[in-house]
Amino acid sequence: MPGLIEQDECTHIGLFNSIEVPRLLMAQGAEIGNYNVIKGNGKVVLGKNAVIADYCSILTTTRSAYGMMGEHCPQEFTDPTDADIYIMDDAYVGAYSIICPGVRIGEGAVIGAYSFIMKDVAPNTIIRFKSKRLESERKWYHHRSYEGKK
């Protein structure tokens, strides 16, 4: 269930988003694309002209995987981590990116598509997903067409 969504002028929230945070603050010109998940117990703040592209996950709460161990796991490993996320003025979060709790993305920073952000990003920084090195090239085999005998 979504909480309070505060929007200034000229903001936009796209289609098919799942917004389940207690508070979402959007400054003037902020934009959220389509098919995003914004979830958790912390608040999310978008600065002026900040953009979240499509298919992103903005998570203000994470729970340790140790929680699956049940009663045998120490309590400090099962407690959830809740923290607010700040995406400052003119920042851009590329498609399919994941932003973890407590992250602050500085003014003018650009997060490339498919990025996984766990730490603060300095202002005017460009973070991009580095693809794997080319291990081998695909080889194409051309087959001759079969011509029947006459």
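The exercises below work through a predicted model of a protein, each with a solution in steps.

In this predicted model, local features need pLDDT of at least 70 and side-chain atom pairs count only at pLDDT 80 or more, whereas totals for chains, interfaces and linings use all residues. Residues are numbered from 1 along each chain as its sequence is written, and side-chain values use heavy atoms, with hydrogens and water left out.

**Exercise 1. State how many helices and strands the protein has, and describe the open sheet.**

Start with the secondary structure, in which helices (H or I, at least four residues) and strands (E, at least two) are DSSP runs numbered from the N terminus. The protein comes to zero helices and 18 strands. Next, take the open sheet, where five strands follow the order β3-β6-β9-β14-β17 with parallel pairing. Its edges are β3 and β17 (116-117), and because each has a single partner strand, one side of each is left without a neighbour in the sheet. Two strands pair if DSSP finds at least two bridges between them, and β3 and β6, which run parallel, are joined by three bridges. On the level of residues, S18 has V37 in β6 as its bridge partner.

**Exercise 2. Decide whether I58 is buried or exposed, and list what I58 touches.**

First locate I58, which lies in strand β9 (residues 57-59). Then apply the cut-offs: buried means under 20% relative accessible area, exposed over 50%, and partly exposed in between, with a 1.4 Å probe and protein chains only. I58 has a relative accessible area of 0%, and is therefore buried. Finally, using contact in the sense of heavy atoms within 4.5 Å, and not counting residues up to four places away in sequence, I58 touches V37, I38, K39, V44, I52, I85 and I99.

**Exercise 3. Find where G40 lies, and classify G40 as buried or exposed.**

G40 sits in the loop between β6 (37-39) and β7 (44-46). Its relative accessibility is 14%, so G40 counts as buried. As a further step, leaving aside residues up to four places away in sequence, the contacts of G40 are E20, V21, P22, T60 and T61. The C-alpha atoms of G40 and V21 are separated by 5.3 Å, although these residues are 19 residues apart along the chain.

**Exercise 4. Classify L15 as buried or exposed.**

L15 belongs to the loop between β2 (12-13) and β3 (18-20). With a relative accessible area of 55%, L15 is exposed.
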